[in-house]
Amino acid sequence: MPSGLILFLGLLAIPVAEISVFILVGSEIGVFPTIGLVFLTAVIGSMLLRHQGLSIMGRVRSEMDAGRVPGAELGHGAMILVAGVLLLTPGFVTDTIGFLLFVPPVRESIWNTIRKRIAVTVAQTGPAGAGPRRRGPVVDLDADDYGPADPSSPWRGDEPGRLSDERTPPRRP
């Protein structure tokens, strides 16, 4: 079955399921308690999102500090983000899926399934982009070691960012 058709059917089925569950729950406990449950799940979801999101950010940072690629942590972070969005979306079906994504063993099994289908490529940059900054020797200058620019120097620019040169005519305003 094409993935576009699966996505279309999923986007069609979720609202139908949500409406059905709203009707069933509302007929059992009433309208206002149903609305209260929707708000309660949104509040609990935002609290879980904050707590687990900060936790996953700390794990990503510690993996990067150790020089490792935080692939699993980023995958878990993406699932926690999806869980938060699902919990903030009104509905009991999306709330159930969202709460399941907050359970670490559920996330781990989903990550193991996804990990088999993706390839992670690590690209390292040069010394300016990664690792501790390496500095050369420190040059300590006294006041008499430097002074105003030599007026005959070609490196003395009349304008910021422009070198002075006889071959290049000066800019006219």
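Leaving aside neighbours within four places in sequence, Glu63 is in contact with Arg68, Val69, Pro70 and Glu73, where contact means heavy atoms within 4.5 Å. Glu63 lies in helix α2, which covers residues 31–65. Helices (H or I, at least four residues) and strands (E, at least two) are DSSP runs, numbered from the N terminus. This is a predicted model, in which local features need pLDDT of at least 70 and side-chain atom pairs count only at pLDDT 80 or more, while totals for chains, interfaces and linings use all residues. Residues are numbered from 1 along each chain as its sequence is written, and side-chain values use heavy atoms, with hydrogens and water left out.

The side chains of Arg68 and Glu63 meet in a salt bridge, with a distance of 2.9 Å from N to O. A salt bridge is defined as a side-chain nitrogen of Lys or Arg within 4 Å of a carboxyl oxygen of Asp or Glu. Side chains of opposite charge can pair when their charged atoms come close. A search of the whole structure finds 1 salt bridge. Glu63 counts as buried because its relative accessible area is 16%, whereas Arg68 is partly exposed at 47%. Here buried means under 20% relative accessible area, exposed means over 50%, and partly exposed lies in between (1.4 Å probe, protein chains only).

## Asp95 in helix α4

Asp95 belongs to helix α4, residues 92–101. Asp95 is buried yet has no salt bridge, and the nearest side chain of opposite charge, Arg107, is 15 Å away.

The side chain of Asp95 does form a polar contact of 2.7 Å with the side chain of Thr41. A polar contact is a pair of N or O atoms within 3.5 Å; within protein, one must be able to donate a hydrogen and the other to accept it, and residues adjacent in sequence count only if both atoms are side-chain atoms. Not counting residues up to four places away in sequence, Asp95 touches Thr41, Leu86, Leu87 and Thr89.

The buried residues of α4 include Phe92, Thr94, Asp95, Gly98 and Leu101. The buried residues of this helix pack against α1, α2, α3 (71–88) and α5 (104–115).

Phe102 lies in the loop between α4 and α5. With a relative accessible area of 4%, Phe102 is buried. Apart from neighbours within four places in sequence, the contacts of Phe102 include Gly45, Leu48, Leu49, Ile80 and Arg107. Phe102 and Leu49 are 53 residues apart in sequence, and their C-alpha atoms are 8.2 Å apart in space. Pro104, in helix α5, is partly exposed, with a relative accessible area of 44%. The C-alpha atoms of Pro104 and Gln52 are separated by 9.9 Å, although these residues are 52 residues apart along the chain.

## The chain as a whole

The protein chain has 5 helices and 0 strands. Of its 173 residues, 18% are buried. Among contacts with a separation of 6 or more, 50% involve residues 24 or more positions apart.

Conventions. Lys, Arg positive; Asp, Glu negative; His and termini not counted.
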